[in-house]
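This briefing is meant to be read with the structure open.

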Amino acid sequence: NKEYWGHGFGEEATRVMLDHGFLNLNLHRIYLSVIAYNDRALKLYEKIGFRNEGAAREGIYKDGAFHDVVNMGILKKEYR
């Protein structure tokens, strides 16, 4: 819902997930994939500390076209 965009909810939710993964589950690495045209998500993940680990070219078919998928990851030692 675009009404909630820009209020920091996505960042807070992502940090809660990372806190749980790294602090409670003692994970070493967390990774995700995001459609390359999702600039808001890419900026958020980079701000938090995720690094671009490459892309699957035309890795998803959506809305009648193929789109690249960006793979991102973060290590426990890189977080916070």
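What follows is a set of notes on the nonpolar core, the aromatic pairs, the strand pairing and a few individual residues.

The model is predicted, and the values below should be read with that in mind.

**The nonpolar core**

- The largest nonpolar core has 15 residues, of which Leu18, Val34, Tyr45, Phe50, Met72 and Ile74 touch the most other members.
- At least two residues of this core are supplied by each of α1, β1 (29-35), α2 (39-48) and β3 (65-75), and the largest share, five residues, comes from α2.
- Tyr45, with a relative accessibility of 19%, counts as buried because the cut-off is under 20%, and, once neighbours within four places in sequence are left aside, Tyr45 is in contact with Thr14, Leu32, Val34, Phe50 and Met72.
- Phe50 also counts as buried, at 4% relative accessibility.

**Aromatic pairs**

- The structure holds three aromatic pairs, and one of them joins Tyr45 and Phe50, whose ring centres are 5.6 Å apart and whose planes stand at 65°, so that the pair is edge-to-face.
- Tyr61 and Phe66 form an edge-to-face pair as well, because their planes are at 65°, with the ring centres 4.9 Å apart.
- Tyr61 is exposed, having a relative accessible area of 53%, whereas Tyr45 is buried.

**Thr14 in helix α1**

- Thr14 is placed in helix α1, which covers residues 9-24, and Thr14 is buried, with a relative accessible area of 11%.
- A polar atom of the Thr14 side chain lies 2.8 Å from the backbone oxygen of Gly10.
- Beyond residues up to four places away in sequence, Thr14 touches Leu44, Tyr45, Ile48 and Phe50.

**Strand pairing**

- β1 and β3 pair in the antiparallel sense over seven bridges, and within this pairing Leu32 has Met72 in β3 as its bridge partner.
- Strand β2, which runs over residues 51-62, pairs with β3 in the antiparallel sense, again over seven bridges, and Ile60 has His67 in β3 as its bridge partner.
- The hairpin of β2 and β3 has two residues between the strands, and in this hairpin Asp63 takes a positive phi near 55°.

**Ile30 in strand β1**

- Ile30 is found in strand β1 and is buried, with a relative accessible area of 8%.
- Ile30 and Ile74 are 44 residues apart along the chain, yet their C-alpha atoms are separated by 5.5 Å.
- Which residues does Ile30 touch, not counting residues up to four places away in sequence? They are Met17, Leu18, Gly21, Phe22, Phe50, Met72, Gly73 and Ile74.

**His67 in strand β3**

- His67 has its place in strand β3, and a polar atom of the His67 side chain lies 3.2 Å from the backbone oxygen of Lys62.
- Not counting residues up to four places away in sequence, His67 touches Ile35, Tyr37, Ala56, Glu58, Gly59, Ile60 and Lys62, and Ile60 is also the residue whose bridge partner in β3 is His67.
- The C-alpha atoms of His67 and Arg57 are 7.0 Å apart in space, while the two residues are 10 residues apart in sequence.

Terms used. Residues are numbered from 1 along each chain as its sequence is written. This is a predicted model: local features need pLDDT of at least 70, side-chain atom pairs count only at pLDDT 80 or more; totals for chains, interfaces and linings use all residues. Side-chain values use heavy atoms; hydrogens and water are left out. Helices (H or I, at least four residues) and strands (E, at least two) are DSSP runs, numbered from the N terminus. Buried means under 20% relative accessible area, exposed over 50%, partly exposed in between (1.4 Å probe, protein chains only). A polar contact is a pair of N or O atoms within 3.5 Å; within protein, one must be able to donate a hydrogen and the other to accept it, and residues adjacent in sequence count only if both atoms are side-chain atoms. Contact means heavy atoms within 4.5 Å. A nonpolar core is a set of buried Ala, Val, Leu, Ile, Met, Phe, Trp, Tyr and Cys residues joined through side-chain atoms within 4.5 Å. Rings of Phe, Tyr and Trp (its six-membered ring) pair if their centres lie within 6.5 Å; planes under 30 degrees apart count as stacked, over 60 as edge-to-face and the rest as tilted. Two strands pair if DSSP finds at least two bridges between them.
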